[in-house]
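Thanks for coming. I have one model to go through, so please look at the screen.

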Amino acid sequence: MSRHATTLFAATGMLAALIAPSAALAEYPERPIHIVVAWPAGGGHDIAARLLGASLSEQVGVPVVIDNVTGAGGSTGVRHLEQSDADGYTIGLIGMHAISQSFMNPNATRLDALEPVAYISDDPGALQVTAATGIETLDGYIEAVRADPGALINGNDPQGGNSFVFANALSQAIEQPIVQIPYQGHAPNVTALITNEIASATLPIPPVLEHYRGGTVRILGVMSPERHPMLPDVPTFREQGVDLVANDFVMIAAPTGLDPQIAQTLSAAIVSAVESPTFAEPAERNGMVLRPGDAEMAASELQRQVDLIYPLLESAGLVSAELARQ
Amino acid sequence: MTATFLDVLSGFATDPAMLALLALGALLGLVLGAIPGISSTMALAVMLPVTFAMETGAAILFLIAIFMSSVYGGSISAILLKLPGTPAAIFTQVEGYPMARAGRAGQALSYALIASSIGGLIGLALLVTLTPLLARVATNFRSPEFAAVALFGLVMLSFSSNGSTIVATVIGLIGVLIGMIGFDPLTDAQRFTMGQPALQAGISLVPVIIGLFGLAEVLRALSLPGDRVLMRPSIGRITVPLRDLAGRVSPMLRGSVIGTFIGAIPAAGSAVAVSIAYAVEKRLSPNRAGFGSGEPDGLVAPEAANSAGVGGSLIPLMALGVPGDTITAVLMGALLLHGLQPGPTLFAANPTFVAWIYASVLLALVATLVVGLASLRFAVLITRVPPRVMLIVVAVFCVIGAFAIRNDMNDVYVMAAFGLLGWVFHKLNLPATPLAFGLILGPILEENVRRSLMISQGDWSVFISRPVAGGFLLISLLLVIGPPAIRYSRKLTAVLE
């Protein structure tokens, strides 16, 4: 399959060389492609990028290199991407952090400086409680938090992280303030759930899955339109009468100004790479909900996410004055 | 369980392909660990896609071999070049580099390797026997306990440098303040960044350490009168006399136990383990007077702690399904890719998987020892390179190492600035290590103190009403007021007599 694809791309390349005025353009890609990851080696984004790199390399026939450019809540990496040449040789993996930072941090990259190339996956939010709370259902949770908001402390990311957005979306959907305590990253947040330092969390599914299976953590609802493929027995929020859909996502973006032909080649190659078993099998085992899509779909998803996240950040008072929308 | 373990072990040990993979992993880990700027975490992450094509058992063996030997690899560059290859090797250079300068490079490496192997074995033994117990202890650690351990570490460390305790404390506090630059850990608000994108990413540990120790050493050598730069230390004998080794069993044991326990606390990590192991030895070793000028006690304890920490860090991963540090997080990622979920149900549901891990750690230890011994002769040859050439090589490695950790040029400037600072410290005879301590422990202390208070709604009694946190604070307090109180009471009795 991959050899066919490589041949196909080689053939396309040769054909393009005959037609296109610029030979350099026609030969794309002729040298290694770099994927910028805004988070450290070993994290969820990093693993996704490394798997994608292996698969994409099979598709395009050149090596794919992962560059972890980290710090400042992901904005250093996104800035690195923005400042790279728009030649198709530097692309980046972005998620919700890029949207949050673009409104919270005046030094962060504005979203219009990036061009979505392909959509990879969804990562829906969810609500977990510890078994020690004795709460079994979403209704039970809502009742308990209404009775005494201070009794159920929720652990989530610092401002702008995905579980922070999920916690605020939940608070808005059930019209009830939630006490939030920040943790640096998902692993310490899970630890706090297990040690009962907190009563609930709004993490995505993969980091809590095993604790759900072990019975220490209960998952009361998933914030996606359909049930999570790894948790077919857990109902969505909508099924339980609460209209709440919120998810993080993984997409590939490039600096704006990409040559349309390169953009197209790249987009198609990434979509094939995501569909290929080299990527799809391990990624699905890792808890990614794959929904590969082209540049157009990625752009509309990005806009949908902005429309979801901006009001949440605004009502939490986190939007930087100079970045506020009119 | 024992039968499964022996099956797996003999399966690994009799399969030539597995042994080849083991040797390759150990060699890769040694080299990657020795290169400054490539941490154990990065070494594992880079190899991750390769392992997906392997069988699960083979993948675990390969990754753990890399993990284990990168721990010792980090010490090679720390001892020979004063450039810690991994962040956890920062205490190896404190005693190891003076040993190398004094013509005992071979012995220093041997000590490190032996301590690393013994520490690793003890860590594994505790992992096998005490996992359920330690996992339960670990679940008692909440934010107040993390804060108390960090404070305890800072107190221990202020006593651990030669010279004035007050000076060391002040320098340590400067390190704590430097750790606050960048994003606030709890709110992501910006602090001390002056609106500069370069400062937003914070001052991270690796460039600081590389500058403060590695580059500062280059500057120091350059500032010596010309002919002294050219003096090359001799390699010395490589073997360590058995009698010397026997005398250092206690520091190794203490280091191993400290390393395993601290490694088992989620989020503490190996840098904290080695700091505390060194600081404890500074107080308990009978040879403490020689610390700072190449005392093997101060080398073997952190080495043993570092290696034992591998076993320790696997405890929360296997028993709780929580990666305690970034290295085990990558390992967990690799296991997930193979469809294996570490967690509370693991021991009952998948004994083979548990056996894979135990057998891999054991074999990785042996492989590291073999590869390490084989590499000793070559490694010490580094000290034969003419100093003029070596200084350039070290300087280049400082730049590459600082850059590689985040692919950020700003880190190179940070490294250079701290290199200058380290040289100034040297000229003023000030200790540089407390600065690194402050930078490691400060952010942990701050984050957990603030989070504890958020949860307790501002009630400070959480730090003393919880037994473990209160215990650590009490010991810290005794450490601070104890020595002056004893001195005062002696004076008082002298006056009364």
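The side chains of A:Asp122 and A:Arg291 form a salt bridge, at 2.6 Å from N to O. By salt bridge I mean a side-chain nitrogen of Lys or Arg within 4 Å of a carboxyl oxygen of Asp or Glu. The pair joins distant parts of the chain: A:Asp122 lies in strand S4 (residues 114–124) of chain A and A:Arg291 in strand S11 (residues 289–293) of chain A, 169 residues apart. Helices (H or I, at least four residues) and strands (E, at least two) are DSSP runs, numbered from the N terminus. Over all chains, the salt bridges come to 21.

This is a predicted model: local features need pLDDT of at least 70, side-chain atom pairs count only at pLDDT 80 or more, and totals for chains, interfaces and linings use all residues. Residues are numbered from 1 along each chain as its sequence is written, chains are lettered from A and ligands numbered from 1 in the order in which they are written, and side-chain values use heavy atoms, with hydrogens and water left out.

Now the interface. How many salt bridges are there between chain B and chain A? The count is one, and A:Glu197 and B:Arg451 make a salt bridge through their side chains at 3.9 Å, N to O. Seven residue pairs between the two chains are in polar contact, both residues at pLDDT 80 or more. A polar contact is a pair of N or O atoms within 3.5 Å; within protein, one must be able to donate a hydrogen and the other to accept it, and residues adjacent in sequence count only if both atoms are side-chain atoms.

On the side of chain B that touches chain A, H3(B) gives the most, with seven residues. Chain B puts 48 residues into the contact and chain A 45, where contact means heavy atoms within 4.5 Å. About 3700 Å² is buried between chain B and chain A, 60% of it on carbon and sulfur atoms. Buried area is the accessible area (1.4 Å probe) that two parts lose on being put together, summed over both. B:Leu337, B:Gln341 and B:Ile455 supply 14% of what chain B buries against chain A, more than any other three residues.
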